[in-house]
Every structure is written in C-alpha cells, then in structure tokens.
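Take a look, then read on.

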Amino acid sequence: MAMLRLRPLKLDDLELVCRHREEMFREAGRSRDTLNAMREPFRRWLELRLARAEYFGFVAELAGEPIGGIGLMAIEWPPHPAHPLDARRGYVLNVFVEPEHRGRGVARALMAASDEEFARQKLGYAILHATDAGKPLYERIGWAATTEMGKPIRPD
C-alpha cells in the first residue's frame, strides 16, 4: 500500500484548494447559488495570498495524487486571555479529505502538521470553524468550542 505524504501547498495548488473549499461547503449544506457567488471572489483572494505565502498549509498525497488538504494562516489578533503575550493566532481553514479516503487518518495527519507548523512559527494559539462532520475529530485531538458567535451584516 502506498504511503501518505504531506507536502507544503504551492501556488500551483490554487484550483485544488478552490475545489476542496467548495466541496467542503457543499457537503455542509450551502446552496449552489451561494457557492457560485463565492467561487471567483475566493479564487482571487486565495491566488494573492498563496503568492504572498500568507495562506499556507499542506496537501496530502497518496501515490502522487492529492487526496486532501489544509489551509493555514497567521492572523493578527489583539492579545487575549488565551494568548496574552501574542498579537497573532493560527487559523485553520479548508480542511478537506476526498470522501473515499476518509476515516483513514488523513485529516488527523493534516491537523498534526498544522500544529507543528504553528509551533515552528511560534504561534501558541489556533482557531478554526468546524463543520458538524469535522467536530468529532477536532474534539478528539484537543480542540474545544469557544464562545464565538456570528451574524451577517447587510450593507445598505
């Protein structure tokens, strides 16, 4: 059996990350109209941040084929009780594993790689937004729910 390999994201992974993000939100129940509206703005946003290395992460490969990925960012955040001496947080986004490869430790390996990368960058606290499908894994590996809430603001 082929070994799982994690490699750093690169600019050439733009379309892969875009596909993963769209599939992730589709599986979470987002409408086709919402996903269509997000597609190009996200692609432009991501292309710029990949080029600047502001969006980084890993692609999981099996036999040279991508089967999953994870996006990471170091974001500015004011010092906080969870990280009182640091004005940054690690941010995990776009965790996705192809359906036929789920349940085999791929997401766990991607999350472990994110922990290592954040530690390497001296980021002592990280956040993510979990789908219902991802929540059990995150809880098993030490993540906990916070008090965050959200609300859409409609411009006039």
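Q: Is β2 largely enclosed by the rest of the structure or exposed, and how many of its residues are buried?
A: This is a predicted model, in which local features need pLDDT of at least 70, side-chain atom pairs count only at pLDDT 80 or more, and totals for chains, interfaces and linings use all residues. Residues are numbered from 1 along each chain as its sequence is written, and side-chain values use heavy atoms, with hydrogens and water left out. Buried means under 20% relative accessible area, exposed over 50%, and partly exposed in between (1.4 Å probe, protein chains only). β2 is largely enclosed, because its buried residues number 6 of 7.

Q: Which residue of β2 is the bridge partner of leucine 6?
A: Helices (H or I, at least four residues) and strands (E, at least two) are DSSP runs, numbered from the N terminus. Two strands pair if DSSP finds at least two bridges between them. Strand β1 (residues 4-8) runs antiparallel to β2, with 5 bridges. Across from leucine 6, the partner in β2 is alanine 60.

Q: Which residue of β3 stands opposite valine 59?
A: β2 and β3 run antiparallel and are joined by 7 bridges. Their hairpin has 2 residues between the strands, and alanine 63 there takes a positive phi near 55°. Opposite valine 59 stands glycine 69.

Q: How far apart are the end C-alpha atoms of α1?
A: The expected span of a helix is 1.5 Å times one less than its number of residues. α1 has 14 residues, so it should span 20 Å. The model agrees: the end C-alpha atoms are apart by 20 Å.

Q: What covers the buried residues of α1?
A: The buried residues of α1 include Leu14, Val17, His20 and Phe25. Contact means heavy atoms within 4.5 Å. The cover includes α2 (32-51), β2 (56-62), β3 (65-76) and β4 (88-97).

Q: With which side chain does the side chain of glutamate 22 make a polar contact?
A: Glutamate 22 sits in helix α1 (residues 14-27) and is buried, because its relative accessible area is 19%. A polar contact is a pair of N or O atoms within 3.5 Å; within protein, one must be able to donate a hydrogen and the other to accept it, and residues adjacent in sequence count only if both atoms are side-chain atoms. At 2.4 Å, the partner of glutamate 22 is arginine 39.

Q: Which backbone nitrogen does the side chain of aspartate 86 reach?
A: Aspartate 86 lies in the loop between β3 and β4. Its relative accessible area is 17%, so aspartate 86 is buried. At 3.2 Å, its side chain reaches the backbone nitrogen of arginine 88.
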